[in-house]
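I opened a notebook on this structure to keep track of what I looked up. The entries follow the order in which I went through it.

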Amino acid sequence: MTVLNENIRAKTSLNRKDTIWKKIVKQRQLLVLSVPFMIFVLVFNYLPIWGWIMAFQKFVPGKGIFGSEFVGLANFKEAFTDSNFINAIRNTLLTSILKISTSFVSAILLALMLNEVRARLFKRIVQTISYLPYFISWVVAVSIVYMVLSPSSGIVNEILVALGLIKTPIAFLGEGKYFYGVVALSNVWKNVGWNAIIYLAAMTGIDPEIYESAIMDGAGRIRRIISVTLPSIMPTIKLMLILNLGNLMNVGFEQVYLLSNPSNIDASRTIDVYIYTYALRSGRLSYGTAIGIFNSTVAITLINICNYISKKIDGYGIF
Amino acid sequence: MEKKNGHGMLSKIGYKRMTVEDLFLDIFIYISLLFLCVVTLYPFINTIAYSFNDAIDSVRGGIYLWPRQFTLRNYEKILVGNKAISQALFISVSRTVIGGFTGVFATLCVAYVLSRRDFVFRKVFTPFLVFTMYFSGGLIPTFILMRDLRLINTFWVYILPTMVGAYNIMFMRSYIEGIPDSFTEAAKIDGASEYRILFTIIFPLSLPVVATITLFVAVQQWNAWFDTMIYNGMNPKLTTLQYELQKLLTSALSIAASDSDAVLASGDSQRAAVTPMSIRTAMTVISVTPILFVYPFLQKYFIRGLTLGGVKG
Amino acid sequence: MFQAAPLSATVPFSDTPIGQKIQEITGTRLDIEYLVGTDSMTKANLMTASGVYPDIVSAGETAGVFIAANAFIPLDDLIDKYGQNIKKIYRPKELEMAKSQHGVTYIIATNRPTIDNLYPAAGYYLSYAVLKDAGFPVVKTLSQYAQLIKDYMAKNPKFGDADNIGFTLPTEGYRVSALQYGAARFLGGYPNDGVTAVDQETLEAKLVMRMSVSKEFVRFLNDMWHSNCMDKETFMQKDDQYLAKIASGRVLAIYDQRWAVINGLAALEKSGHYDRILVAFPVVVDGVEKEYYRGPYAFSVQGVSITTACKDPEGVMRYLDRICAEDIQKLVYWGIEGVDYSLVNGKFTRTREQWLNSFDEDYKKSQGLEQFNNLLPHYELTDDPVYGKFSDGNWVYTAMNQEYNDMRYRDFEKEILKNYGVNTFCDFFAPAYPARYQPGWAARQQLPQDSPEFIASEKALELASEYFPKITMADPSQFEALWDEYQAKLNAIPGLDEYEKKITEIIRESSKYY
């Protein structure tokens, strides 16, 4: 039996001594399954990068890319000497950290809770309802947020005052310091149901026998959640965490832009809003591209760092 | 509440401890979930209410759970007499189905290959794929590429560029990696090809994730309109439902003024105006309703646990 | 053909009854792609970068992009050869103006002058209740305006159960321009020239925010704020909420443009609060004599162009010329005879039903009525006896008929007009007039968008958004200090002087052609 196994293994798995060509031949089926799609990625994702050259030019739409003047790092210099841009970086980081952490925790919590519900109908109904806000555009959603948080007529302030927690209504959207919280919470409200789907799918892969043995060991519900459910979806959690941290600089434009107004612009001016105001609206494509390159560079660096750290901690990394 | 199979063997003390804890936990969970439902259902009901409310009256605000001045006018404006809608619907459904299938197929293949720790190019392909999530060449270079590939003004521009999605692939790969090797060992011993392993073993075992990815891809295809606008705007035969809806919204945003003014002059309730808000809410309801019917259908694939029969031992 | 402005129709124009008749007459079908969902600049950039064009483009404000990319063909020869009708309905000066910027004609204007005599386009509004209470004063100055609000507020702090709101402004997204420069500029007796105010004698342009009138405006806001006469949520409201407040009848005063608040006013009207309706006045600061609220018309050339991708420019020009002929123009602006109007003794007349149809946007779109505005070449829509009339003496623009006013004004509006002894709401305002130079906001579009001057103006705008709320809410004793601080920062922005100089140049240059 062992010999047979090894023969079979030898067919497709690789030895150190194999040359790369031998490896390719051995795994040709896998390559057939993957290479065509990798070519897609190359074509549709990597080829357009040549457009990055716009960042080093003073792009004039009429002249096209070949006719526009080359200005080297001028665009980058301009961005980094603009105090509004630096302010934007700070706002982006603060908003992002708060947003990522809250959406993470809430999605996992929701998934865990749903997983514990045994009444199937209730579970299905809750799940379906919880992801409904995902489909509402941010325009409609922000309208609701403004209404609910209004100091004069919003329900949140009414409840807070009635409970005696605050004396006068708080203008949540009128002061910069509340902005990050509003972004994070409204994001949770809108997306938690949808985000939880991933973890729920991962949980279906848990072998019920593990639960059974945990019960036999005397583990209570909470103990089971912590020792069985959570560790089982740990790979998924780690994957999501790394991927999302790579997106640290990308808070999303629509939500922030819609929530911003003259009173809170100090806090709400994120990088995307900055690009919109200073680059897109005025057609300064070069400037926008330059900032975009900055964002991408940070993101790729971040994800490499996160991956490295993750591997150092427990050997798990996505690449 | 059901009890699990094994509990009969437990000591009495253990059982009691679980009941109290069970109870508290259940109460906490049910209340939290109920609260969540209220908070997340409200905006949707609110949107529906607005969509059935007279547009001008809606401006006053104060609509919460049901319309104050019921009207079908907002939907009429969108659906009735709009010749483009039925063709757009056909295209939208087509791209959702075709895009869904191709997307899931591509994701499955690549995810499986990348899940194999012994894959020769694993350390190359994976970052190659993952990095695509964090950069983009920009709108104009992408457009020029599509032009040069002759994809502009075709149906395939909806399908091909987004077929291979890094995020989905990573997620599926993670799941596949969690499938114990024992399942595939037997097949390998029998000398099965990779294709067989993928489609007869991995695929059925990954149904929950496949269902999830299908949902993600389908929703993305269904909601897309920006690509229509850029690539196929000139071709009425290839526009999608979302695009047509956006067109109406853009139009409502621009004519809002004269419309209401003139309508008031007539003093005729038959001629109700529309506002951007009323179009937007009606649009949301029209777009979301099909999804609500599809998801429960997919939910049944979220079955707990792996099918064990016939493989172990 | 591509239309670079958010004009949309569920029924394509060529499929409407009028569109089909035009097709029969000309033997050509026009397919139109409308701009959808994004700003025109992005789409213009895409088209020029890729070189994918339709035959005709109606570029609007994006014309510069196309011209820089050499996407349009010069039309001069074609107009000379085939443009008889065009030459008939366009003033010679207009055709010259179209030529002026680039030496050749690229664009045939579709934004012809249009006069609206029913309602002023913008102004400082006051609630009718306030006006009634004060005996129908004609409001002229800012101090008078402020006083009226305060007096009424003191006597009537509430409307029903809710508080009255003294003064409020739109501040969401681009609407904040009202706060930044829109409201202030008219106060100083300047017409709408965008971010700048142009001296009507010397044609010198200055940034509104740098002028004393801006300070007066913010001082007014500060005063209102501390007299409890200003909406505390002014600086953090979405347009939805703003309109809802107007619709509730609680708002006593605003500055805005009519088209932006029309839905709010409509809702107010529908709920029957006729005496809370808002009426506009041309308020100015004390000492200013002339106001320019109803600004110039006939200013810049935005319209259709033929692209280099067109395979038969001569044919297209003949088509464009043909649609300028009287028969088609009558079709477009009055409709199909027998259906939309009747010919009685040589005069065009309409029944009440036909008039109501002509107000209904839906009907117009599905019939194809009046769809040439900003789309294709057409007559002027003014009361000019030569260029605004057909050869048989009928007005081109239906609004020039007296019946139009009667049809459009509702009863309560007629009552307001009677109490003031005027015919239309525009009578409070000085009349509109033909432009003498290219407006500042159009001149601004001619600046390259990554020039230091343009960027400077954008920064100035953001600074205003940041400071004005702060200064408004600050204690009056700190007003001067804060304003000085703001001015210091404003003047520290490099490139502002150049911006003013460049705009002044463009304006002075253009005045030769008007």
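Predicted model: local features only at pLDDT ≥ 70, side-chain atom pairs only at ≥ 80, totals over all residues.

**Entry: Leu252(C)**

I used that term on Leu252(C) and left out residues up to four places away in sequence. Leu252(C) then touches Leu126(C), Ser127(C), Val130(C), Ile149(C), Tyr152(C), Met153(C), Asn164(C), Ile165(C) and Gly166(C).

**Entry: nonpolar cores**

I looked up the largest nonpolar core next and found 180 residues in it. Leu252(C) is among the members that touch the most other members, along with Phe66(C), Leu126(C), Ile149(C), Ile254(C) and Val279(C). Helix 20 of chain C, residues 452-473, gives the most to this core, with eight residues. I also found a second, separate core of 112 residues. That second core includes Ala184(A) and Leu259(A) as well as Leu33(B) and Phe171(B). As background I wrote down that nonpolar side chains in soluble globular proteins tend to be buried together.

**Entry: a sheet in chain C**

Which strands form the open sheet, and in what order? I read four strands of chain C in the order 8-11-5-12, with mixed pairing. Strand 8 (165-168) and strand 12 (278-281) of chain C stand at the edges. Each of these two has a single partner strand, so one side of each is left without a neighbour in the sheet. From one strand to the next the twist averages 20°.

I then followed one pair. Strand 8 of chain C runs parallel to strand 11 (residues 251-257) of chain C, and three bridges join them. In this pair Ile165(C) stands opposite Val251(C) of strand 11. Helix 12 of chain C, residues 258-270, packs on the sheet and touches strand 5 (122-127), strand 11 and strand 12 of chain C. I noted about 145° between the direction of helix 12 and that of strand 11 of chain C.

**Entry: domains of chain C**

Chain C is divided into domain 1 (2-106 + 300-378) and domain 2 (122-295 + 414-513). I read 34 Å between the C-alpha centres of these two domains of chain C. The contact between them involves seven residues of domain 1 and six residues of domain 2 of chain C. On the domain 1 side, helix 6 (residues 92-100) of chain C gives the most, with four residues. By class, that side has one nonpolar, three polar and three charged residues.

**Entry: Ser305(C)**

Is Ser305(C) buried or exposed? I count Ser305(C) as buried, because it has 21 C-beta neighbours inside 10 Å and the cut-off for buried is 20 or more. Ser305(C) is found in strand 14 (residues 303-306) of chain C. Leaving out residues up to four places away in sequence, Ser305(C) touches Val57(C), Ala59(C), Phe66(C), Phe72(C), Tyr106(C) and Ile107(C). I also checked Lys364(C), which is 59 residues from Ser305(C) in sequence and 25 Å from it in space, C-alpha to C-alpha.

**Entry: where the chains touch**

I took chains A and B together. In this contact 85 residues of chain B meet 74 residues of chain A. Helix 1 (residues 12-51) of chain B gives the most to the chain B side, with 18 residues. That side divides into 50 nonpolar, 22 polar and 13 charged residues.

I then took chains A and C, where the contact takes 26 residues from chain A and 24 residues from chain C. On the chain A side, the elements that give two or more residues are helix 8 (138-149), helix 16 (271-280) and helix 17 (285-314) of chain A. Helix 17 of chain A has the largest share, three residues. The chain A side divides into eleven nonpolar, twelve polar and three charged residues.

**Entry: positive phi in chain B**

My background note here is that most residues other than glycine have a negative phi. Arg150(B) has a phi near 60°, a positive value. Asn153(B), not a glycine either, has a positive phi of about 70°. Arg150(B) lies in the loop between helix 6 (139-148) and helix 7 (166-177) of chain B, and Asn153(B) lies in the loop between helix 6 and helix 7 of chain B. Arg150(B) counts as exposed, because it has 10 C-beta neighbours inside 10 Å and the cut-off for exposed is 12 or fewer. Asn153(B) is partly exposed, with 16 other C-beta atoms within 10 Å.

Definitions and conventions:
Residues numbered from 1 in each chain as written. Chains lettered and ligands numbered in written order. Contact = placed C-beta atoms within 7 Å. Nonpolar A, V, L, I, M, F, W, Y, C, P; charged D, E, K, R; others polar. Domains from an automatic or database assignment. Core = buried A, V, L, I, M, F, W, Y, C linked by C-beta atoms within 7 Å. Pairing = 2+ DSSP bridges. Axes fitted to C-alpha atoms, helices over the stretch in contact; angles between N-to-C directions.
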